[in-house]
Amino acid sequence: MSILERARSVMPGGVNSPVRAFGAVGGNPPFIASAIGSKVTDESGNEYIDYIGSWGPALLGHAHPEIVSAVKQAAEKGLSFGAATKAEVEIAELIISLVPNIEMVRLCSSGTEAAMSAVKLARGFSGKDKIIKFEGCYHGHFESMLVSAGSGAMTYGISGSAGVTDGAAKDTISVPYNSVELLQEAFSRNKGEIAAVIIEPLAANMGLVKPKDGYLQAISQLAKENGSLLIFDEVITGFRLGLGGAQDFYNIDADIVVMGKIIGGGMPVGCYGARAEIMQFVSPLGPVYQAGTLSGNPVAVAAGYAQLSHLKSRPSIYADISQKAGRLFGELSDLAEGHGASVVWEGSLGCLFFSDDLPYDYESAKLCDTQRFASWHAHMLASGIYLPPSQFEAIFVSAAHSDEDISTTISKAKEFFS
Ligand SMILES: *Cc1c(COP(=O)(O)O)cnc(C)c1O
């Protein structure tokens with residue numbers, strides 16, 4: 001029996017996270033045996049240039065020696081204590097020193113957990129129930145955010161999710177991304193009832209969709225006028241758009257910031273942070289209960305701390321990655337032109353959409369030719385390039401991608417477009 005057959009008999013779809021199953025592109029997903037730098041190797045020994053980067057965490061590439069060594073050292077001192085550690089204090093101080101507008105953080109073990117807790121905190125702090133989210137943005141798989149969600153839910157055409165009760169969904173208002181008018185309308189229809197607006201400031205779970213000029217400013221303004229908190233879900237953008245994340249990049253202040261992915265260096269870490277006035281509502285200081293047996297796990301935190309300190313000590317790394325990514329996406333864009341495809345990018349994130357015009361929201365993204373995306377994906381995979389297996393996921397470039405990796409990728413893309 002193949003590994004895939006074994007996997008399918010013991011796990012739904014053979015996977016522990018839906019997009020990994022290749023359901024949208026067909027073909028069989030490779031089972032990854034190891035990864036180093038920009039490359040992943042599957043169980044059959046095939047090597048690929050990887051543009052998933054563990055869906056974001058691997059900003060420095062896979063198995064970065066400083067991170068691996070930090071993990072080994074931490075592991076030898078014990079895997080988990082269920083008690084306070086110095087390592088947690090150090091990563092909290094580091095995050096707070098780099099990310100604007102947060103004076104305190106709470107660590108947890110995933111982006112979902114962090115976003116779920118941030119939403120609960122916003123409700124607890126404001127005493128209001130309703131949350132505005134945006135169609136095509138993904139904030140993890142908890143009930144109230146699985147309304148018009150991006151990522152795997154979009155890949156598989158699930159606009160809601162079974163198992164989400166009307167009760168859980170009724171306080172979520174979902175509005176189209178990039179429309180100030182419809183957001184304004186949502187606020188006026190729910191006067192005084194909106195606890196928070198949660199957004200991916202750069203939407204990276206419906207492919208990649210940039211905020212229009214002035215859009216984030218307008219959201220921030222409307223939230224303020226209506227006495228609602230602004231939650232930035234920076235699980236992807238945090239430490240990717242720069243050390244200060246999207247808040248710095250777009251020069252917008254958020255009230256609560258949600259992070260994950262990069263801050264764990266490849267290990268399970270999530271966190272949410274805000275000014276002290278808000279964080280004081282979190283248990284044990286305040287009434288919003290949130291906990292975790294493995295929260296702030298010493299081995300996970302060691303990985304995150306190593307990655308963040310590496311970035312802090314070499315801030316020029318962002319310009320270097322962006323330059324490499326710019327060459328990749330710029331050349332892909334030239335190749336795509338006139339072939340029913342278009343490319344968008346920001347820093348180290350990009351997306352090749354099979355549509356003539358770049359999508360600006362969920363509905364326009366859904367118009368892409370996903371059949372053609374599937375053949376593009378299959379061609380690239382067969383050529384040794386491992387791309388996200390969905391039209392609605394971003395391409396992640398890391399510090400480990402070499403100029404040669406980029407050139408190889410471009411030449412394989414050329415074959416596809418000719
Ligand atoms: C990945 C992601 C999440 C969920 O994080 P998990 O660690 O997968 O639970 C939440 N928000 C955004 C923007 C993400 O990209």
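User: Since axes here are lines fitted to C-alpha atoms, for helices over the stretch in contact, and angles run from 0 to 180 degrees between N-to-C directions, at what angle do α3 and α11 pack?

Analyst: In this predicted model, α3 and α11 pack at an angle of about 35 degrees, and their axes are 10 Å apart. The names come from DSSP runs numbered from the N terminus, with helices being H or I runs of at least four residues and strands being E runs of at least two.

User: Which residues of α3 and α11 meet?

Analyst: From α3 come A87, E88, E90, I91, L94, I95, S97 and L98, and these meet V301, G304, Y305, L308, S309 and K312 of α11, where contact means heavy atoms within 4.5 Å. This contact of α3 with α11 has eight nonpolar, three polar and three charged residues. In that count, Ala, Val, Leu, Ile, Met, Phe, Trp, Tyr, Cys and Pro are nonpolar, Asp, Glu, Lys and Arg are charged, and the others, Gly among them, are polar.

User: Before we go on, how are residues numbered, and what pLDDT do local features need?

Analyst: Residues are numbered from 1 along each chain as its sequence is written, and side-chain values use heavy atoms, with hydrogens and water left out. Because this is a predicted model, local features need pLDDT of at least 70 and side-chain atom pairs count only at pLDDT 80 or more, while totals for chains, interfaces and linings use all residues.

User: Okay, next helix. What does α15 pack with at about 10 degrees?

Analyst: That partner is helix α12 (residues 317–336), whose axis is 10 Å from the axis of α15. On the α12 side K324, R327, L328, E331, L332, L335 and A336 take part, and they meet D403, I406, S407, T409, I410, A413, K414 and F417 of α15. By class, this contact of α12 with α15 holds eight nonpolar, two polar and five charged residues.

User: And how do α14 and α15 pack?

Analyst: Helix α14 (residues 370–382) packs with helix α15 (residues 403–417) at an angle of about 135 degrees, again with the axes 10 Å apart. R372, S375, W376, H379 and M380 of α14 make the contact with T409, K412, A413, E415, F416 and F417 of α15. Five of the residues in the contact of α14 with α15 are nonpolar, three are polar and three are charged.

User: What lines the largest cavity?

Analyst: The largest cavity, of about 70 Å³, is lined by G350, C351, L352, F373, W376, L387, P388, S390, Q391, E393 and I395. The elements giving two or more residues to this lining are β12 (349–353) and α14, and β12 gives the most, with three. Seven of the lining residues of the largest cavity are nonpolar, three are polar and one is charged.

User: Then which classes line the second largest cavity?

Analyst: The second largest cavity, about 60 Å³, has three nonpolar, seven polar and two charged residues in its lining, among them G37, D50, R240 and H401.

User: What about the second largest pocket, which residues lie nearest its centre?

Analyst: A74, K77, A87, P298 and A302 lie nearest the centre, out of 13 lining residues. Two or more residues come from each of α2 (65–76), α3 (86–98) and α11 (298–313), with α11 giving the most, four residues. The second largest pocket holds about 320 Å³ of space, and its lining has eight nonpolar, two polar and three charged residues.

User: Last one, where is the cis peptide bond?

Analyst: The cis bond joins S283 and P284, with omega of about 10 degrees, and P284 lies in the loop between α10 (276–279) and α11. As for other backbone angles, N101 has a phi near 65 degrees, which is positive in a residue other than glycine, and N101 sits in the loop between α3 and β4 (104–108).

Methods: On a 1 Å grid over the protein atoms alone, a cavity is a set of points where a 1.4 Å probe fits but cannot get out, and a pocket is an open set with protein on both sides within 12 Å along at least five of seven lines; lining residues have an atom within 4 Å of a point. Grid points are joined across faces, edges and corners, and a volume is the space filled by probe spheres set on the points.
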